[in-house]
Amino acid sequence: METPDQTPDETPDETETTIAAKNWAAASAEPQYRAAVVDLLGALAYGELAAFERLAEDAKLAPTLSDKAELAAMASAEFHHFEQLRDRLTAIEAEPTAAMQPFAAALDEFHRQTAPSDWLEGLVKAYVGDSIASDFYREVAARLDSDTRGLVLSVLDDTGHASFAIEKVRAAIEAEPRVGGRLALWARRLMGEALSQAQRVVADRDALSTMLVGGVADGFDLAEVGRMFTRITEAHTKRMAALGLAA
């Protein structure tokens, strides 16, 4: 129904007013949205830096020289992702170290709690643990401005973890079936720790939590947050099947 002072041509196009339809220049005019993006990029940047360090460390556990080289290549890719995020933070006039600092303790604690005891546990963590985090960030990315969304999706690209981990883990289980039970328990623990860590990070940062529950940008409402975690859990179950493990 038209109002007397508004013709059909003047009716606002709702799709053009959403954050997802805007670029960074337009979207960042909202201070709370800008703060949420700085938090998001800071969390991602520290996550990529930590992934680089972890993969470089895990390479020491590799049973062969070719495996060691494969992990080193993955670590290099993670560091390149970190550089992209660091440079983007600088470009939007946010100090990268300050943006990353609030997330360092929680991410370091997650990695401390989930330190692999051997090569296979390291592969499962690289595949399962990192994928859970990536699923979470992809869900958030759908609500971001076009420039930020493009960057986030770019740095979430698979660095080769998936096919490499699947091949090695399935071969190990085929050679020694009882390994599967131990790795399944390990993957379930990773799932629980990763989800808890993600929830803690969001709860500790007002701008991020407000964005997730719909207070800024095209956020999730509380019911959608629940559905989001359901989707992440379902994706985890599929990855476990790909590894030949019971969810």
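Reader: Why is Asp87 called partly exposed in this predicted model?

Author: Asp87 has a relative accessible area of 42%. Buried means under 20% and exposed over 50%, so Asp87, at 42%, is partly exposed.

Reader: What makes the contact between Asp87 and Arg86 a salt bridge?

Author: The closest N and O atoms of Asp87 and Arg86 are 3.2 Å apart. The cut-off is within 4 Å, so the pair forms a salt bridge. Arg86 is also partly exposed, with a relative accessible area of 30%.

Reader: What makes Arg239 and Asp135 a salt bridge?

Author: Their closest N and O atoms are 2.9 Å apart, and the limit is within 4 Å; the pair therefore forms a salt bridge. Arg239 lies in helix 10 and Asp135 in helix 5, so the pair ties together parts that are 104 residues apart in sequence.

Reader: Why does Arg239 count as buried?

Author: The relative accessibility of Arg239 is 15%. Because buried means under 20%, Arg239 counts as buried. Asp135, with a relative accessible area of 14%, is buried by this rule.

Reader: How do you know whether Glu224 and Arg227 are buried or partly exposed?

Author: Glu224 has a relative accessible area of 12%, which is under 20%, so Glu224 is buried. Arg227 has 43%, between 20% and 50%, and is therefore partly exposed. The two form a salt bridge, with the closest N and O atoms 2.8 Å apart. Both lie in helix 10, three residues apart, about one turn of the helix. Glu139, Glu224, Arg227 and Arg231 are linked in a network of salt bridges.

Key. Residues are numbered from 1 along each chain as its sequence is written. This is a predicted model: local features need pLDDT of at least 70, side-chain atom pairs count only at pLDDT 80 or more; totals for chains, interfaces and linings use all residues. Side-chain values use heavy atoms; hydrogens and water are left out. A salt bridge is a side-chain nitrogen of Lys or Arg within 4 Å of a carboxyl oxygen of Asp or Glu. Buried means under 20% relative accessible area, exposed over 50%, partly exposed in between (1.4 Å probe, protein chains only). Helices (H or I, at least four residues) and strands (E, at least two) are DSSP runs, numbered from the N terminus.
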